[in-house]
Amino acid sequence: MVGALCLATDVAMGFPLEHGLQSTLIAMRLCERLGATAETTSATFYTSLLAHSGCTTDALVAAEIFGAPLATHLTPVMFGSPRDQLRGLLRALPPPETGAPARTLQIARRLPRAMRTHKPHLAAMCDVAQTLSDQLGLPVSIQRLFRDLTERWDGHGVLRRADHDEIPLPVRITHVAIDANLHRMLGGEEYAVQAMRGRAGHAFDPEVVACLADEPEMLAVDVEASAWELTLACEPDPPRLLDDDAVDRALVALAGFTDLLSPDFAGHSTGVADLAARAAAGCGLLPADVRAVRRGALVHDLGRVAIGAAVWNKPGHLTIDEWEQVRLHPYHTERLLTRSPLLASLVPAAGAHHERLDGSGYHRGSSRAELTLSARLLAAADAFHAMTEPRPHRAAVGRDDAADRLAQDATDGRLDPDAVGAVIEAAGQPAPHLARPGGLTDREAEVLRLLAQGRQTKQIGQTLGISAKTADRHIQNIYGKIGVSTRPAATLFAIDRGLLAWGELPMGGAGRRP
């Protein structure tokens, strides 16, 4: 879980993927070389992985000032001299469309705000990292370390909370490991060592820097191989494990990390998760399946962080490039989740929340036959919840209006009618009457499902509490409406129209609220 969040911070910060994992490997090598205690090594491991977990804090403010990720200009000088920091800040300001006078005016307008918001931004980042570490199940002793995450060895940190040995050793090691890895990516191992030597005694603990400088091979990283397994293998004993309830709380942490990207997103992921879970329960899914739907919903938008806050908060029309970025955020969600077997099991639903039955969705353009019931429920819940939230380009709509629009999407064949009905009822709205494929009634759709499952006419009647004669009349009506005369052909129609949810319906159930 921590590793997945670390990957998410990479894409949110604009770092190459696995920068955080590589930095953690370097931090573990430093711990070994320094002869750190088991407690210090364990604390360093988690501190390094979560060092940037507060990066979505005030993302909108940073986007308004700088307009782009800060990894290129500002992040590399965060622990540099005041002059280096100022130069990096100025370089990070977006270039004006005109010449030097406009540039001067731009600096005059944006620089004071950047300076004014810097201190509260760093304080908020530390608070968020500390809160997320708590939600991820880490002990208080590790949570407290994030308070000093932005401090400097010389005491000239913006927050002025600690200096020298007052800064916990795990934080001092983390500082050097992350900054060294960043400079390694920018200019190679020798360049990184020189940069660290220049910051020894200023931003960084001289002893930690000397340890790195004496053995620069600690910076060696195989850039052609994933650092995921290596990093997990470095986890100090005993490994920290989460039970089911703790996993749910950790997933809420990932949801919060995502939704901090914009004030308009606050509570979106958890709101969708609650709605989707209620709808899943209404469909008769087993408790374990309901929990899986909720978990997938909590992380469905994790890939949002790979797209700059400026795009999400743009009030006008998106450019072709911006729209393509938006269309790819479910792909990024998939990539961030697939490393962990537990999280990978959530991908079929989480990564498909913008897919539509008619193939008009994104990012894969999947059709109805490829979308599980969980994916359909999540898609409907996400669409409903998003409509009731304000966005920079539109106002929120009321629940009645959202229910009407969702029902229209079902009628038009974009969303699954059963999923839409369940979501609308779960949202406390009256159950809509939705048109079924082929003009089937709700009862006929139930009969067709059972027919496709191999039930005989008498069994269908017993399951639905109707007579065999009535069941047969429904079957003949179905054949007439969809233009077939045999059970196999009717089954193919049901599969093609998405009337069966394979492997997710309770035996004998119809996949919808009784």
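Which helices each supply at least two residues of the lining of the second largest pocket? Let's find out.

## About the model

This is a predicted model, in which local features need pLDDT of at least 70 and side-chain atom pairs count only at pLDDT 80 or more, while totals for chains, interfaces and linings use all residues. Residues are numbered from 1 along each chain as its sequence is written, and side-chain values use heavy atoms, with hydrogens and water left out.

## The second largest pocket

The helices are α15 (309–312), α16 (320–327) and α20 (373–387); α20 gives the largest share, four residues. Helices here are DSSP runs (H or I, at least four residues), numbered from the N terminus.

In total, 25 residues line this pocket, and W323, H354, Y362, H393 and R394 lie nearest its centre. A pocket is an open set of points on a 1 Å grid over the protein atoms alone, where a 1.4 Å probe fits, with protein on both sides within 12 Å along at least five of seven lines; lining residues have an atom within 4 Å of a point.

R376 counts as buried because its relative accessibility is 5%; buried means under 20% relative accessible area (1.4 Å probe, protein chains only).

The whole structure has 26 salt bridges. D244, D245, D248, R291 and R295 are linked in a network of them.

Note on methods. Salt bridge = Lys/Arg side-chain N within 4 Å of Asp/Glu carboxyl O. Buried < 20%, exposed > 50% of the residue type's maximum accessible area, 1.4 Å probe, protein only.
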